[in-house]
Amino acid sequence: EVQLQASGGGLVQAGGSLRLSCAASGFPFDDYAIGWFRRAPGKEREAVSCMDNNDGSTYYTDSVKGRFTISSDNAKNTMWLQMNSLKPEDAAVYYCAAVKAYSDFVCPGPLYVYDYWGQGTLVTVSS
């Protein structure tokens, strides 16, 4: 059974930090790219960050560059998103998702290509 378990969300003051985790099972983690997405109230789901486990390439949306860091431990089938200097506009439900990373895949890719989605974890940032 495929599972993606996102966790680590919570309430933090602006300027604070959170570390999100995405624990995966049921598929060959090394062959997949993991994307982090978020959906804020009234907004579309957007790609925040992504890492291709095949080659280690990463992606960050412009608004989080320099503040968020994606990392992976393939031995643990887990990917993390370290979020520093959080802003109120970062508040959203964060999701991790997995896509088979074929040779021509470039992170993050469109949402519809993702094979598996986690349940989401809520990040609230108070000003």
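Author: Two strands count as paired if DSSP finds at least two bridges between them, and strands themselves are DSSP runs of E with at least two residues, numbered from the N terminus. The model discussed here is predicted, so local features need pLDDT of at least 70, side-chain atom pairs count only at pLDDT 80 or more, and totals for chains, interfaces and linings use all residues. Residues are numbered from 1 along each chain as its sequence is written, and side-chain values use heavy atoms, with hydrogens and water left out.

Reader: What makes E7 and strand E8 a pair?

Author: E7 and strand E8 (residues 78-83) are joined by 6 bridges in the antiparallel sense, and the rule asks for at least two. Within this pairing, Thr 69 stands opposite Gln 82 in E8.

Reader: Which strands form the open sheet, and in what order?

Author: The open sheet has 4 strands in the order E1-E3-E8-E7, and their pairing is antiparallel. Strand E1 (3-7) and strand E7 (68-73) each have a single partner strand, so they stand at the edges and one side of each lacks a neighbour in the sheet. On average, neighbouring strands of this sheet are turned by 15 degrees against each other, direction ignored; the axes are lines fitted to C-alpha atoms, and angles run from 0 to 180 degrees between N-to-C directions.

Reader: How many helices and strands does the protein have?

Author: The protein has 0 helices and 11 strands; a helix would be a DSSP run of H or I with at least four residues.

Reader: Why is Thr 61 called buried?

Author: Buried means under 20% relative accessible area, exposed over 50%, and partly exposed in between, with a 1.4 Å probe and protein chains only. Thr 61 has 13%, and is therefore buried. Thr 61 lies in the loop between strand E6 (58-60) and E7. Across the protein, buried residues make up 44% of the 127 residues.

Reader: What joins the side chains of Ser 21 and Trp 80?

Author: A polar contact of 3.2 Å joins them. The term requires a pair of N or O atoms within 3.5 Å; within protein, one must be able to donate a hydrogen and the other to accept it, and residues adjacent in sequence count only if both atoms are side-chain atoms. Ser 21 is found in strand E3 (residues 18-25).

Reader: How does the radius of gyration of the protein agree with that of a compact globule?

Author: The globule rule is 2.2 Å times the number of residues to the power 0.38, and the radius is taken over C-alpha atoms. For 127 residues a compact globule would have a radius of gyration near 14 Å; the protein has 14 Å, so the two agree.
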